[in-house]
Amino acid sequence: MAGDSTFDVVSEFDQQELVNVLDQVRREVQTRYDFKGVPVELTQGKDELVLITSDEYRAGAVKDLIESKAIRRSLSLKIFDWGKVE
């Protein structure tokens, strides 16, 4: 009976892998030529990531870095819900 079936969607992921991803991104940003002299602040809260940088181009580049590193560490991109740029 399909009406009696239930399931739980669990959106848990390995928090340590996310910490590792963010550390890798911070190190890479420090060495990249296109980020020389540009302030990039990436902080992780309980339920959010906050990225502060000088312009939208660099914010997009950091977002791409985060996503590519997350994929390499077997994290789903569904854990990210990118908000609007302020």
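Which helix or strand gives the most to the lining of the largest pocket? The legends below describe a predicted model and begin with that pocket.

**Figure 1. Lining of the largest pocket, with helix H2 in view.** H2 gives the most to this lining, with 5 residues. Helix H1 (15–31), strand S1 (41–44), strand S2 (49–52) and H2 each supply at least two residues of the lining.

**Figure 2. Centre of the largest pocket.** The pocket has a volume of about 1000 Å³, and 32 residues line it. Leu 49, Val 50, Asp 81, Trp 82 and Gly 83 are the lining residues that lie nearest its centre. By residue type, the lining divides into 13 nonpolar, 11 charged and 8 polar residues.

**Figure 3. Arg 58 and the residues it touches.** Arg 58 is found in helix H2, which covers residues 56–72. The side chain of Arg 58 reaches the backbone oxygen of Asp 34 at 3.1 Å. Leaving out residues up to four places away in sequence, Arg 58 touches Asp 34, Phe 35, Val 38 and Thr 53.

**Figure 4. Ser 74 in the segment after H2.** Ser 74 is not a glycine, yet it has a positive phi of about 60 degrees. Is Ser 74 buried or exposed? Its relative accessibility is 67%; because the cut-off for exposed is over 50%, Ser 74 counts as exposed.

Methods:
Residues are numbered from 1 along each chain as its sequence is written. This is a predicted model: local features need pLDDT of at least 70, side-chain atom pairs count only at pLDDT 80 or more; totals for chains, interfaces and linings use all residues. Side-chain values use heavy atoms; hydrogens and water are left out. Helices (H or I, at least four residues) and strands (E, at least two) are DSSP runs, numbered from the N terminus. A polar contact is a pair of N or O atoms within 3.5 Å; within protein, one must be able to donate a hydrogen and the other to accept it, and residues adjacent in sequence count only if both atoms are side-chain atoms. Contact means heavy atoms within 4.5 Å. On a 1 Å grid over the protein atoms alone, a cavity is a set of points where a 1.4 Å probe fits but cannot get out, and a pocket is an open set with protein on both sides within 12 Å along at least five of seven lines; lining residues have an atom within 4 Å of a point. Grid points are joined across faces, edges and corners, and a volume is the space filled by probe spheres set on the points. Ala, Val, Leu, Ile, Met, Phe, Trp, Tyr, Cys and Pro count as nonpolar, Asp, Glu, Lys and Arg as charged, and the others, Gly among them, as polar. Buried means under 20% relative accessible area, exposed over 50%, partly exposed in between (1.4 Å probe, protein chains only).
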